[in-house]
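Thank you all for coming. Before I say anything, please take a moment with the sequence and the model, and then I will walk you through them.

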Amino acid sequence: MSSLACEEDKFSSLSMSAMLARGEVPQIHRRTADNYMVIKKIYGTPVVLPRINNKERALLAKYDFNPLEYSTIKQINEELSFLKRWSCSINKNLKNEADEIIQIRAKELKYLAASRYVNLTSEIYSGYKALERYFEEISKY
């Protein structure tokens, strides 16, 4: 039995994504979320985009982030917390990379949604739900 088998655990983990959205959210996060939500509402699911390239994968690996399809809800919530802090950093390089990572995550989410999540093989790796919930909460659409 997995740790997310209980619906209460899944709800509390996803509600953490909503709580992350309640704090101060960087503008790049809002723009990325708005872009994702507008496409989702107009087309039903995002249009197919290519998977992330090796450069983007290397940027994720630099900060020890798994690809979205192999991330848990807890990992994505922690990552969103880091990205929010880093986007407000005075270190320009860290800020730019954090902004790029949130856009990479949106690209991954669009790909997974367009492929109807067929790449996911386990209920444990449901970090995409946390990211989608975060985008829903911070988007004005």
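Let me begin with a definition: on a 1 Å grid over the protein atoms alone, a cavity is a set of points where a 1.4 Å probe fits but cannot get out, and its lining residues are those with an atom within 4 Å of a point. What we have here is a predicted model, in which local features need pLDDT of at least 70 and side-chain atom pairs count only at pLDDT 80 or more, while totals for chains, interfaces and linings use all residues. Residues are numbered from 1 along each chain as its sequence is written, and side-chain values use heavy atoms, with hydrogens and water left out.

With that in place, how many cavities of 30 Å³ or more does a search of the whole structure find? The search finds 1, and the largest cavity has a volume of about 90 Å³, where a volume is the space filled by probe spheres set on the points, and grid points are joined across faces, edges and corners. Its lining consists of Arg 51, Ile 52, Arg 57, Pro 67, Glu 69, Glu 108, Tyr 111 and Leu 112. If we count Ala, Val, Leu, Ile, Met, Phe, Trp, Tyr, Cys and Pro as nonpolar, Asp, Glu, Lys and Arg as charged, and the others, Gly among them, as polar, then the lining of the largest cavity divides into 4 nonpolar, no polar and 4 charged residues. Helix α5 (residues 92-114) supplies the largest share of that lining, 3 residues; helices here are DSSP runs of H or I with at least four residues, strands are runs of E with at least two, and both are numbered from the N terminus.

Ile 52 sits in the loop between α2 and α3 (54-62), and Ile 52 is buried, with a relative accessible area of 10%, where buried means under 20%, exposed over 50%, and partly exposed in between, using a 1.4 Å probe and protein chains only. Leaving aside neighbours within four places in sequence, Ile 52 is in contact with Arg 57, Leu 60, Ile 104, Lys 107 and Glu 108, contact meaning heavy atoms within 4.5 Å.

Stepping back to the whole protein, the secondary structure comes to 6 helices and 0 strands, and buried residues make up 48% of the 141 residues. Among the contacts with a separation of 6 or more, 80% are between residues 24 or more positions apart.

By class, the contact of α2 with α6 has 6 nonpolar, 2 polar and 4 charged residues.

Technical notes
1 Å grid on protein atoms, 1.4 Å probe; cavity = no way out; pocket = protein on both sides within 12 Å on 5 of 7 lines; lining within 4 Å.
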